[in-house]
Amino acid sequence: MSSHYEAPIRKPLVIGEKTYHDITVDVARPVEGRANKLWWRVFTIALLAFLWGVGSMAYTIGTGIGTWGLNKTVGWAWDITNFVWWVGIGHAGTLISAVLLLFRQKWRMAINRSAEAMTIFSVVQAGLFPIIHMGRPWLGYWVLPLPNQFGSLWVNFNSPLLWDVFAISTYLSVSLVFWWTGLLPDFAMLRDRAITPFTKRVYSILSFGWSGRAKDWQRFEEVSLVLAGLATPLVLSVHTIVSFDFATSVIPGWHTTILPPYFVAGAIFSGFAMVTTLLIIMRKVSNLEAYITIQHIELMNIIVMITGSIVGVAYITELWVAWYSGVEYEQYAFLNRATGPYWWSYFLMMTCNVVSPQVMWFKKIRTNIMASFIISLVVNVGMWFERFVIIVTSLHRDYLPSSWTMFQPTFVDAGIYIGTIGFFFVLFLLYSRSFPVIAQAEVKTILKSSGEYYKKERDSKENHQSLNH
Amino acid sequence: MYTFSKKLKTFAFVLMLIGVAGIIYGFIKAPKDLAEVKANLIEQAHDGHGEHHVSAADHAVSDAHFDHHAEHVYGQLKNKPWTALYVGCIFVMLVSVGILVFHGINYAASAGWSPVLFRVMEGLSAYILPGSIIFFILLLLSVYGIGGNHLFIWADKDVVEADAIIKGKEGYLNAPFFIIRAIIFLGGWNLYRIYMRKQSLALDASGDLVYHKKMFKASAGFLAFFIVTESMASWDWIMSIDTHWYSTLFGWYVFASFFVTAITTIAFVTLYLKSKGYMDFVNTSHIHDLAKFMFGLSIFWTYLWFSQFMLQWYSNIPEEVTYFIFRIQEFNLPFFGMLVLNFVLPLLLLINTDFKRLTWIVVMAGVCIIIGHYIDFYLMIAPGTVGGSWFIGAAEIGSLLFFIGLFILVGFSEIAKAPLLAKNNPLIEESKHFHY
């Protein structure tokens, strides 16, 4: 489906004199080789953080939600902040693989695999929070509309929280199928290269018997397109429905109509920041600089800048409309956000999310790897604070001044959060050593149109021809 | 090189003439004084069928009430021809702005498929200049209350003094500041459009990529300027008509509405020029892509419509929900009918891949989109200005036809001024080879 002709002005997407076989070898190397010390060190840290998180979760479930810092006024805080933060991060993957596929952006091919992996792993983290918050997670299936004999127990279809159950589980399933479909030819590649019978067996199972016949490829392309079409509205719907959790209420600061598209923009923003963070490390550690190039980083930075600006416009719009509405409660909610006891979190949100991405207007900065890495971390911090600001500052001073209070997180709150970060990296590190981290079959399809070597070859041929004429 | 055919020129003039006739008719039909309105109301009450008439009769029971009601209706009917003019004017003007924005987005994104369509976009966006001048005059007339219109109630000193909520907004909603903002928004958009056209022609003549770079940078800067000014313009020119009401999403919702209409317009003009043999380099894949945008943005518009409507309906906060309750009660058919035109029909007509390449299907879906979004604009404006006394008649249709005629005249004249292929654009070869 990609065009055969590419304008000479476009920058190459594969650097160096790579052949098809080189791509195979480069992508298979991290899987076939052995892990170095650094990998083990990082993995151990992640695992320890994860174990600490498991401990905190067990303590919460054993003792009760009282172990968290919640109180009568602030009934939602870190748990939902973390939930929304993780769901948001999980947005970039499907955006890259679905929306950018529909827009025929070839540069997505080097980054889609890891972005989708990140999506799935972060949605897993997100899902943990509501389940833990239930207090009795073994009754988690009660959120599903199952016929039962418990009397009048039935789900509430009017509740956006239920819509969220459907939205996120659909998103997770479609993302998983999309990811796995793309993986089939690449798993088959690893299968065909496997030396030991065990690895051969494993990758045969994972590749679902991919044969590489023309019919396989034709179906593969068709399915990808259909899934992209299905997944694109999903990218919008998931964070839209997460935003409904807040926006359908009558809480000033939560109830605002811009929330759905602004949450989606914010999610893409944080998701791309996380992809940038992960891929800047991965391209170095796994020697993939020829595939994940400065051009890729620059384009991701531009998306971070655009979505950051959209989010910025939304922040200012909310602030302005609160004044314009003339509603006392709206006005106070935003005044309190910006100047109340949590002013510092509002300030962090504004600087990290709105101001910091603006440096990407300068080409020098957006093509600088270190700067991109730092900004991507800053954005992730900022986006966590955005959710904290929305949730805690809107709740802690409610309609009744006698119940105004502050929120203090406990070590359990912190433990679960850090635990999910640990869990995420455990999964991602395992992935990076056992999965083909670049969609090599797809990259091969653009090698001749967008590879540096072939582009040069073509340009010199064209020049030669025009000289002859 | 395209030459503006006599036939099309005549057609544009005819549209404008019919339009002017409709607009004048609207002004003549507007009641001259309160006595005329009262006489009409009593006559309607005696006719005595239909709910509205019965309620008018009920009002007649008490004289004071009746007088009050008559005054109200008088104000609404005086606004009616102005509203008709205003809706047509802002709608067509914003559609041309949407075309400019689409050009800007494609440029800033270095899109490879669309450069063959750039000249169409450049040409049609020429309408922004005359369109915004007329619109600006209309704004001046409205906020200074010239010609007896009260489109913006916040511009009426007596209303502001009597209404604490509007009084609180005075720092933003006041005539001088409002006009200054309009100058900045319209001025900024016009400057960008003039700059782009100049660079584009220079690139054509010289082939120097410096001009391409300049356009790329200008587009990125313009889009940043636009995202801010577009929201503010929507609050000013449309949202402030329902002065009490507010919605943070409003700016983006308005954008989605005129943007999808803009892309439909590009598709229409491209199909027309291609059918006349001027754009052989445009293939069905280009049409397919335009149709995809029509399809996708129709869904996007619906998404924003739903988000705004559902959240206010669900929360049921009196300050907000009255906006929708009034529309559902008084504008029921257009309010829900527009969803069929703007969502259901484009969705069904354009979901199929092959259908997106068929001219007649694209035209059919496009007609739905244009009519549907005109109604959308009408519904954003008329309930606040003419209220229950609305109907879409000669004045409304006339105004729309007049501005469409002017749009054709200005747009096609500009298209005729330069070759239809921006031959030195560095992506033009890629665009010509574009194949889905």
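Two residues are in contact if their C-beta atoms, placed from the backbone, lie within 7 Å. Before you click, note that this is a predicted model, where local features need pLDDT of at least 70, side-chain atom pairs count only at pLDDT 80 or more, and totals for chains, interfaces and linings use all residues. Residues are numbered from 1 along each chain as its sequence is written, while chains are lettered from A and ligands numbered from 1 in the order in which they are written.

**Stop 1: where the chains meet**

Select the contact between the chains: chain B puts in 32 residues and chain A 27 residues. On the chain B side, colour helix 8 (164-168), helix 10 (209-237), helix 12 (284-315) and helix 17 (428-432), each of which supplies at least two residues. (Helices are DSSP runs of H or I, at least four residues, and strands are runs of E, at least two, numbered from the N terminus.) Which helix of chain B gives the most to this side? That's helix 12, with eight residues. Now colour that side of chain B by class: 17 residues are nonpolar, 11 polar and four charged. Here Ala, Val, Leu, Ile, Met, Phe, Trp, Tyr, Cys and Pro count as nonpolar, Asp, Glu, Lys and Arg as charged, and the others, Gly among them, as polar.

**Stop 2: chain B on its own**

**Stop 3: the core**

Bring chain A back and select A:Phe269, A:Val275, B:Ile90, B:Ile263, B:Ile266 and B:Met294, which have the most contacts inside the largest nonpolar core, a set of 252 residues. (Such a core is made of buried Ala, Val, Leu, Ile, Met, Phe, Trp, Tyr and Cys residues joined through C-beta atoms within 7 Å.) Helix 4 (residues 63-108) of chain B brings the largest share, 19 residues. Zoom in on B:Ile90: beyond its neighbours within four places in sequence, B:Ile90 is in contact with B:Phe135, B:Trp237 and B:Phe377.

**Stop 4: chain A**

How values were computed. A residue is buried if 20 or more other C-beta atoms lie within 10 Å of its own, exposed if 12 or fewer, and partly exposed in between; C-beta atoms are placed from the backbone.
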